[in-house]
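Subject: Structure handover and notes

Dear colleague,

Please find below the structure I promised to pass on, together with its sequence. My notes follow it, and I would be glad if you read them with the coordinates open.

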Amino acid sequence: MGIPFIDLKAQYKRLEPEIRRRMDAVLGHGQYILGPEIRELEERLAAFAGTRFCLTCSSGTDALLLPLMAWGVGPGDAVLTTAYSFYATAEVIALLGATPVFVDIDPATFNMDPAALERAITALKAKDPSLHPLPSGYERLRPKAIIPVDLFGLPADYAAIEAVAARHGLPVLEDAAQSYGGSVRGRMAGSFGQAAATSFFPAKPLGCYGDGGAIFTDDEALHAQLVSLRVHGQGSDKYENVAVGINGRMDTLQAAIMLPKLEIFPEELRLRQAAAERYTELLRDVVETPGIPGGCVSAWAQYTVRTDRREALLEGLKARGVPAMIYYRIPLHLQPVFRHLGYAAGSMPASEAAAASVLSLPMHPYLDEATLSQVAGAVRDALA
Ligand SMILES: *Cc1c(COP(=O)(O)O)cnc(C)c1O
C-alpha cells in the first residue's frame, strides 16, 4: 500500500471500540439533533481552547458565517482578510453581500501581515488606493471586521493584529480551521479575537467523520445570538423566530465520534510536532522548511515547504509514489469569482509567490521514522 497523505485509518484502528461505544449510545437514546453529546463536546472544546463559550455547528464555513451574520455584516461593508487561504474564508464575506478587502501575507509565516493590515484600513478610511490595493467600489465601503487565518496550523500574529483592530474599533474573527490545538505563548488557537471559527472536516488536525465546525467566544451576548442564528434565528421557543438564521447544527453522531478523538488529541499534537521536527532535520538543506516564530506552536495541519523548483518536486514525488498537495495554487484576490473586484496580478506579491512555490508533504500523527525518511529521501532525489 502506498503512503497516505493523511492517515485516518490508523487513528480509527486505535479508537474503534470507543468510537463505536459512543455512537451506539446515540443510536440508543435517539437524540440525533442537539443530543447530550453536543453539549458535552462543546464544554470540552471550550475548556481546551480556554474560552468561556463554544458552539458546535455544521461546518467550518458556517462557523465563519455565523459570527459575521451576528455582527450584521452586509452590503457596503469591507471585511479585511488574507489573500492566501482556502476559498471559504473570503466566500462567507461575499455570501453576505459584503466585500473582501485582501491583505498580503508575511512570507515567513504565510499569515496576514499586520503592517499591511494597518495600511489597508488606512487606505479604506482615506479612500486612497495609492496607500494599499483596494477593490473596485472602495469609495462606498466602510471597514467592518477582520478575518486573519492561521494557515497550515500556525496562529497568526494576534498581538499585532489585535492592536491594529483595537485602534480602529474593528472586531476580529480568527479563522482557526487549521490551527485548533496550536498556541501562542500558552494561549490556544480558537481564543483570539472577539470570536474564532474552526472546522472538523475529516482532514483537519481534529476531525469528525463528516462535516462539522465550532465557534469560540468569551462574549456572552454574541454566544446567545449565535445559539439563535444556528437554528433559524429562533427566539424563546422553537416556533418563535427573531432573526434570519440558518440550519447550522452539528449532528449528535459527529459529536459522539469526536469525544474519543479529543481524548487523544494532545498526544496526537505532540506526534505531529515530532514528525514536523524530523522533516525539518531531514530537509532544511534542500527546501525552505516552515519557520515557527518563537513562542508559537503549530497544530501542523500541513507540513508545507517552499522551493522555486516546485513542479519538478511535484513530478518527482509522484514518480516515487509519495503523495503531495498544493495549497493553494490561486491566491484569493486572483480567483475568477473575485475578478469583478479588479485586483491586479502583482498586487499581493507575497501571496502570489507563496502560491507559486509551496508544496505540502504527508502529515498526520502516525508517520513513523521509515515513512518520514522515505518521504524526505524522495524529496531529495526529486531535487537532485
Ligand atoms: C477547511 C477550512 C475552512 C472551511 O471549513 P469546512 O469545515 O470545510 O467548511 C475555512 N477556512 C480554512 C482556512 C480552512 O482550512
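With which residue does glutamate 220 form a salt bridge, and how far apart are the closest N and O atoms? The partner is arginine 52, and the closest N and O atoms of the two are 3.4 Å apart. Because glutamate 220 belongs to helix 7 while arginine 52 sits in the loop between helix 2 and strand 1 (53-57), this pair ties together parts that are 168 residues apart in sequence. Arginine 52 is exposed, its relative accessible area being 53%. Please keep in mind throughout that this is a predicted model.

**Salt bridges**

Over the whole structure, the search finds 16 salt bridges. One of them joins glutamate 267 to arginine 14, with 2.7 Å between the closest N and O atoms. Since glutamate 267 is part of helix 8 (residues 252-283) and arginine 14 is part of helix 1 (residues 8-29), the pair ties together parts that are 253 residues apart in sequence. Both partners are partly exposed: glutamate 267 has a relative accessible area of 33%, and the value for arginine 14 is 35%.

**Packing of helix 1 and helix 8**

Two packed helices are described by the angle between their axes and by the distance between those axes. For helix 1 and helix 8 the angle is about 150°, and the axes are 8 Å apart. The crossing in which helix 1 passes helix 8 is right-handed. On the side of helix 1, the residues making the contact include Arg14, Leu15, Ile19, Arg22 and Met23, and those of helix 8 include Leu253, Ile257, Pro260, Ile264 and Glu267. Sorted by class, this contact of helix 1 with helix 8 has 11 nonpolar, three polar and six charged residues.

**Cysteines**

The structure holds zero disulfides. Cysteine 57 is in no disulfide, and the nearest cysteine sulfur, that of cysteine 54, is 8.6 Å away. Cysteine 57 is buried, with a relative accessible area of 0%. As for cysteine 208, the closest cysteine sulfur is that of cysteine 57, and at 10 Å it is too far for a bond. Cysteine 208 likewise counts as buried, at 0% relative accessibility.

**Helix 4**

Which residues of helix 4 (residues 88-95) are buried? They are Ala88, Thr89, Ala90, Val92 and Ile93. The elements that cover these buried residues include helix 3 (60-70), strand 2 (77-82), strand 3 (99-103), strand 4 (142-147) and strand 5 (173-175). Helix 4 is followed by glycine 97, whose phi is positive, near 85°.

Technical notes:
Residues numbered from 1 in each chain as written. Predicted model: local features only at pLDDT ≥ 70, side-chain atom pairs only at ≥ 80, totals over all residues. Heavy atoms only, no water. Salt bridge = Lys/Arg side-chain N within 4 Å of Asp/Glu carboxyl O. Helix = DSSP H or I, 4+ residues; strand = E, 2+ residues; numbered from the N terminus. Buried < 20%, exposed > 50% of the residue type's maximum accessible area, 1.4 Å probe, protein only. Axes fitted to C-alpha atoms, helices over the stretch in contact; angles between N-to-C directions. Left-handed = near helix turned anticlockwise from the far one by under 90°. Contact = heavy atoms within 4.5 Å. Nonpolar A, V, L, I, M, F, W, Y, C, P; charged D, E, K, R; others polar. Disulfide = S-S within 2.5 Å.
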